[in-house]
Amino acid sequence: MHGWVILDKPVGLGSTQAVSAVKRALREAGEPKTKVGHGGTLDPLASGVLPIAIGEATKVAGRMLDATKAYDFTIRFGEETDTLDLEGAVIATSDVRPTLAQVEAVLCAFTGPIEQVPPAYSALKIDGKAAYARARAGEEVEMGPRSVTVHALSILQPGESEEPAEDREQLEFRLSGSGEVTLSATVSKGTYIRSLARDIARALNTVGHVTMLRRTRAGPFGLDSAISLDFLAETAKARELTRTVVPLQAALDDIPALPVTPDQAQLLRHGQRLAGFPATPGLQLACLDDVPVALVEAAVDGLKVVRGFNL
C-alpha cells in the first residue's frame, strides 16, 4: 500500500501520535509492515489537515514541508502567553480591544513577504536543541527573525463558517464584546500562525494569543479529503483501508506527467540517466501506464532521476 492518508487531526493529538495511529490501522487491516511518516508537524493544540505518507509516498513527504498551507485561527485580545496559545502562562496584559474595522485595516501590513520572529516554544533547533526544550528548562531563548510570505489574510466572516450570518454592526459588537476575532490565512512554509497572531495584536496596540488553530489545507490536500481517526479505525477493522488512501501522485499534482516506455521505465528504476530524451526542462513525473516510475529532472542532456519509486 502506497499513498496518503489525510487525517483531520483532532486537538490534543501530536503528529507522531497520528503516525502511530495510522501504523495501528495498517496492522489492524493486515497490511504488510511499511514505512509511515507525516508531511509536516501540526501542534497538539491545533486540528485539521495532516497528510500521512505510506510506503513509497514517504519519499516525497518532504514536499509537504515546502507546500503552501492554509489555516483558520482565533486571536483572543488582552493577554499574551509565553507559548502564544492557550497552553502557556500569561506574560502580558492589555485593556485595549480593537474593533473589527481596526483589525481589517491592519491586515494588509501582514500580507505578502514579511519578517517574523518564531515562538520560543517551537521545534526550531538552537545549537542542536529544540527551542521549546530550552524554554521549558527555563533558559532565555532568543529567536532571530525569518522571512516568510502570507499569501492571503482575511477576517473569517460568520457566513463563511457554520455560524449564523450577522450584519456588520453585530460583528463589531461581538468583536468588541468578546475580545476575539477569527481569521483565515494562506501562508508559505515556515510561517508560524502563533507569531502572526502576536504581531497582529501588537500592531493594534494590544496583546493577544491563539485560542483556536485549524489547518484547512496542506499543499493539494484540503479538509474535503480528510478523514477522522474513527473512520480510519472502522475501515481498518473492516479490512477496507484502501478506501482511505489517496494515490501517491496526488501530492505531485503540480508536476507534469511524462509518459515512458517499459524499457525506459526499467532504466529509470535503476537510477540511470536517459540521454537525448525530448522533454520540457524542469521537474517531471515519469509514468508507465499512469503508474509513477520516478521524479526526474529534464535537461538538454536528458533525464536524471531525482527520486525513484518501487511500484
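Let's start with Glu56, which is buried at a relative accessible area of 12%. By buried I mean under 20% relative accessible area, by exposed over 50%, and by partly exposed anything in between, with a 1.4 Å probe and protein chains only. The side chain of Glu56 meets that of Lys59 in a salt bridge, 2.7 Å from N to O. For us, a salt bridge is a side-chain nitrogen of Lys or Arg within 4 Å of a carboxyl oxygen of Asp or Glu. Lys59, for its part, is partly exposed at 31% relative accessibility.

A quick word on what you have on screen. This is a predicted model, where local features need pLDDT of at least 70 and side-chain atom pairs count only at pLDDT 80 or more, while totals for chains, interfaces and linings use all residues. Residues are numbered from 1 along each chain as its sequence is written, and side-chain values use heavy atoms, with hydrogens and water left out.

Now, which residues does Asn310 touch, if we skip those up to four places away in sequence? They are His2, Glu56 and Lys59, with contact meaning heavy atoms within 4.5 Å. So our opening pair turns up again here, because Glu56 and Lys59 are both in that set. Asn310 sits in the segment after strand E18 (302-308), and Asn310 is exposed, at 61% relative accessible area. His2 and Asn310 are 308 residues apart along the chain, yet their C-alpha atoms are separated by 9.7 Å. When I say helix or strand, these are DSSP runs numbered from the N terminus: helices are H or I with at least four residues, strands are E with at least two.

Back to salt bridges: how many does the structure hold? The count is nine. Let me show you two that reach across the sequence. In one of them, Arg214 and Asp8 come together through their side chains at 2.9 Å, N to O. Arg214 belongs to strand E12 (residues 208-218) and Asp8 to strand E1 (residues 3-9), so this pair joins distant parts of the chain, 206 residues apart. Both partners are partly exposed: Arg214 has 24% relative accessibility, and Asp8 has a relative accessible area of 24%.

Another one pairs Asp254 with Arg63, whose closest N and O atoms are 3.1 Å apart. Here too the link is between distant parts of the chain, 191 residues apart: Asp254 is in the loop between strand E14 (245-246) and strand E15 (257-259), and Arg63 is in helix H2 (residues 62-66). Asp254 is exposed at 52%, whereas Arg63 is partly exposed at 27%.

Let's step back to the whole chain. Its secondary structure comes to eight helices and 18 strands. Of the 311 residues, 47% are buried. Among contacts with a separation of 6 or more, 72% are between residues 24 or more positions apart. The chain exposes about 15,500 Å², with carbon and sulfur atoms supplying 50% of that; these areas come from the Shrake-Rupley method with a 1.4 Å probe, and for residues only the protein chains shown count as cover.

Have a look at helix H3 (residues 100-107). Leu100, Val103, Val106 and Leu107 are buried there. Looking down the axis of H3, the buried residues fall within an arc of 135°, so they line one face of the helix. That arc is taken from the directions from the helix axis to the C-beta atoms.

On the surface, Val11, Leu45 and Leu86 form a nonpolar patch with about 260 Å² of accessible area together. Patches are built from residues with over 30% relative accessible area and no salt bridge, joining like charges within 9 Å and nonpolar side chains (Val, Leu, Ile, Met, Phe, Trp, Tyr) within 5 Å. Val11 lies in the loop between E1 and helix H1 (15-28), and Val11 is exposed at 53%.

Leu84 has a positive phi of about 65° without being a glycine. Leu84 lies in the loop between strand E5 (79-81) and strand E6 (90-93). Asn205, also not a glycine, has a positive phi of about 60°, and Asn205 is in the loop between helix H6 (193-203) and E12. Are these two residues buried or exposed? Leu84 is buried at 5%, while Asn205 is exposed at 64%.
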